[in-house]
Amino acid sequence: MDPKRRKTQDSAENVDSSAADTGNSGVAESKATDSKAKPVELNAEAEKSIFVFRKWRSSPTYPKAMEKGKSTLKSFHKKQEPRLKQLEQRRRSLPVQIIYLHPLHKEVEELNRKKDIVCLILSYPPMNSMNKERHENWVRDVLWMNHKVREWKTFSSKKNKVLDSDRCKIYALLDHKFDDIEAYVPPLIIEEMCKKTLPVAVPDEKVRRNGIRVTSAVKDLPQIRQRFNIVIQVDASSYLDIKGIEEKIATKLGFSLNIQMLNKFLKTTSFLIFLDDIYESIDLYKVGSEWWNSKNNQKIVCRTRSQTVCRRMAVDREIRLDDHLLSWELFCRNVGNIVHSSGFQHRATDVVQKCCGHLLAVVLMARALNMVFNVSTWEHASYLLSLPHRSQLEDRVLYNALAFNMGRCSGSAHECVKYCAFYMEREGANKLDLIQEWIRHALISTFDEGQKMVRGLVSAFLLESSQNGYSVRMRDEIHEVLVNSQFLLQGGKGLAKAPTDEAWEEATEIHLMNNKFSELPRGPNCPQLCALFLQKNPFLRVIPPSFFQRMPMLQILDLSHTKIRSLPQSLYGLSQLQRLFLRGCKLFMELPPEVGELSNLKVLDLEGTEIIRLPMDVGKLTNLTCLKMSFYGDNDNKKDNQYSNRIIPQSVMSNLSQLEELIIDVNPDDKQWNANVKDIVEEVCSLNRLEALQLYFPEVSLLNNLMDGSSINLPGMHFRFTVGECDEIQTIIDAYDGRDVVLGSLEYLNLHYMKNLRSIWKGPLILGSLSRLKALVLYTCPQLRTIFTLNLFPNLYELEELVVEDCPKIESIVVTPDPTATEPMLWRARYLFPKLRKISLHYMPKLVSISNGLHISPILEWMSFYDCPSLKVLSPEEVHSNNLKVIIGEAKWWRELNWNKSKWPQLPNLDAIFHPIEQDTYFVTRLAEIDDQLQARMQETELSQQSGPGDSLKAPAVKDGTSSKQKQVA
């Protein structure tokens, strides 16, 4: 053994022995003290336990029990013996490691944690485009200090000596200022991230697979492939030393075990090597010590779940996946308590995802949506963020976020922001001087109004306060977007007349939605216009023929929810148009063949229109990624032509090879659809890019054809299916047919007129099946007896809506074999559907119970009962929800309803939320009226701003499609 190493080991053993001596002396002193202590007095219960134990020891069963215990223990040790020998051999093969801690190791850990967080934040926009030279120099200094710390651990002569210069340098690095970063990320968040500790590693195979999936995804990124010549991923979990890892890398690159050839090859190239599942501390700097060449870009990334390994390994940068929740944390801090509402949390998640990690956009959107309880506002925010580039600016996300924010500003606030963008100096201005300028330019009237305006714009993050509030400035990123973009934002202003031609000329984006005008300018000159939003103008019926003539750059056009009947010819000359929205245009009945001339079109939304058929020319739109259609027009009076027997011409769907989302909404009674749906399904099966699909299937066999014969990536898809009349099907899913996971991506399932359907699921539970199902709707299934059994509930975690109508043989929604059995007793402590918000049960004469007294949902909002005469008893557990807003039913049924005994001491005042329906009242009409009342109540709540998170949920809308006698929409 090396003398220096032997000396070091001896000193370590001396330290251990001295520690042991100290421990022993402590124990001896404790014993001496205890011997002088008074006897412990036992209470009656303890004495009784000792008596019982002594009595058992004297019984004849004691020796046999002891012998059995010894035998069991001996058998256990025998089984573990091979594993213990293996661990011992592994321990002996490892080199002796003596861990020395730097005298300032805590300060060094804090410094490195701060360095990692700063590197993370600087990788996010807009910080990734700012001047980072000062921070980059600081990071280099921290890495240099880490090198010195590693040297200190290597040479024993420095074990008890830390130079004062090093100490001062570490403290100086800790005092590095981050003012520019803290302007976007509050210091409190940075401080909390620095203090956050690593979780203890759990040997979870699912976590391991997720980690490997992350590194695999990073490895396959195009920018990674462009930057490095060699990118490989190695599972290092079974290798205990550096030599084994190097041999694995050599094998992966085709060099077998020839390490010399590997060294020569890697030294001349740039490489990125991922080492997955490191369980032992290794020195990454010694891995491939012959590979490193400063002229090449060379990196090794190690992934581990072990906190101990992570702390002991010397690395340049530590990346924690939890730190990448920064965007979500920032959004939650700024949007308010609404983010904790179950009705808005998924919308908040969607907004944050579409901000793409842009921290400034995240804060802008959060401030604009702070305590906003209007669902349509959130949907519009998400919609705007998803729009593509429509200006010369590279920062698409910030452009979209500012478009939303500016649209939320009042007229005077909008003008004040524009003034700051065009006339205020980059370094800012004195607040009082700015207010005086606003007054001088007649943007505001009084000084108090100006003070309020400044506070509002600072709160909205459109302006930044400095010098203790005496000055304000506009952030450079916002300034650049506003100066280089012209927004005409008049949405929601109630305009009775559209802006004049002159107002259109300089605009790059025009928002005129939700107004009251009925006419548009005849031919405005808009050479720079990229996006035009005209949706929700209910009085707009006609668009002038030459309206789009001078809009050569238009990319986005939204005419949704207007009263237009046709499109002008000038629209088909928009060669740059990428997105066309006609959603909810109920008077729009024919899509002309000229639509095929819009060759760059990517999104065509015709959902909610009354078109009769799709023209053959839609097949020319080969760049389409999203197509949404509704066919509810009158097919009886159509003119005879070559396509009269098809609502979608043959080969149209198969030509749209770029489609990622497809929605086809039809009337289930449409015989033309039923006659051609088989051909359409065959064409849909060839769309291998499809990620979301909504269709109506008149037969379940067509659904099976899609699942069995499709080239679509089914596991990654989102489905919304409606299955119609079929006399043969008795169960939807038969788990005995050998499938692994059945309909694991299905989100919406509607079943209509299934005459012999007896159950939804048959056979054992298959985890993952139906795991994304959000809505289940059952109409007119006369033989259906079983909907849910207890074994199915673990898979239905995502279910939000349940509608059962005209199913006369169902006695209970949830079937339990024996209410006193162990399994139902376990379910009494939890909820069957954790996310269920709406349950509607109509025309069910034999229904006697909903869930046999089991808890249904903690966030249930809507319960509707009609023509259920046998449902005479409910349990409080079935209606227990803090979010319950509506119970609907016949007045007589409600008066005669009885309640089971419950652990709940007192029922809430359910009469206050009960809405009666008399039997002589048209059922669907009354449901619509109740829904309108709820909508009005929600609007009043929003205006008063007095609603808490629990009251912020909007009751689900009940549309005309609720009744089976009405038009059915999937």
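This is a short walk through a few local features of the structure above.

Okay, so first off, keep in mind that what we have here is a predicted model.

Let's start with strand S13, residues 626-631. Six of its six residues are buried, so the strand is largely enclosed by the rest of the structure. Which way do the side chains go? Cys626, Lys628 and Ser630 point one way, while Leu627, Met629 and Phe631 point the other way.

Now the neighbours. Strand S12, residues 603-606, runs parallel to S13, and four bridges join them. Over there, aspartate 605 has lysine 628 as its bridge partner. S13 also pairs with strand S14, residues 661-666, again parallel, through six bridges. In that pairing, serine 630 sits opposite aspartate 665.

Moving out to the surface: Arg541, Lys563, Arg565 and Lys586 gather there in a patch of positive charge. Arginine 541 belongs to the loop between strands S9 and S10, and it's partly exposed, at 46% relative accessible area.

Proline 125 and proline 126 are joined by a cis peptide bond, omega about 0°, and proline 126 lies in the loop between helices H4 and H5. Then there's tyrosine 843, not a glycine, yet with a positive phi of about 55°; look for it in the loop between S24 and S25. Aspartate 867 also has a positive phi of about 55°. You'll find aspartate 867 in the loop between S25 and S26, partly exposed at 35% relative accessibility.

Notes
Residues numbered from 1 in each chain as written. Predicted model: local features only at pLDDT ≥ 70, side-chain atom pairs only at ≥ 80, totals over all residues. Heavy atoms only, no water. Patch = residues over 30% accessible without salt bridge, like charges linked within 9 Å, V, L, I, M, F, W, Y side chains within 5 Å. Areas by Shrake-Rupley, 256 points an atom, 1.4 Å probe, with all protein chains shown as cover. Salt bridge = Lys/Arg side-chain N within 4 Å of Asp/Glu carboxyl O. Lys, Arg positive; Asp, Glu negative; His and termini not counted. Charge placed at Lys NZ, Arg CZ, Asp CG, Glu CD. Helix = DSSP H or I, 4+ residues; strand = E, 2+ residues; numbered from the N terminus. Buried < 20%, exposed > 50% of the residue type's maximum accessible area, 1.4 Å probe, protein only. Pairing = 2+ DSSP bridges.
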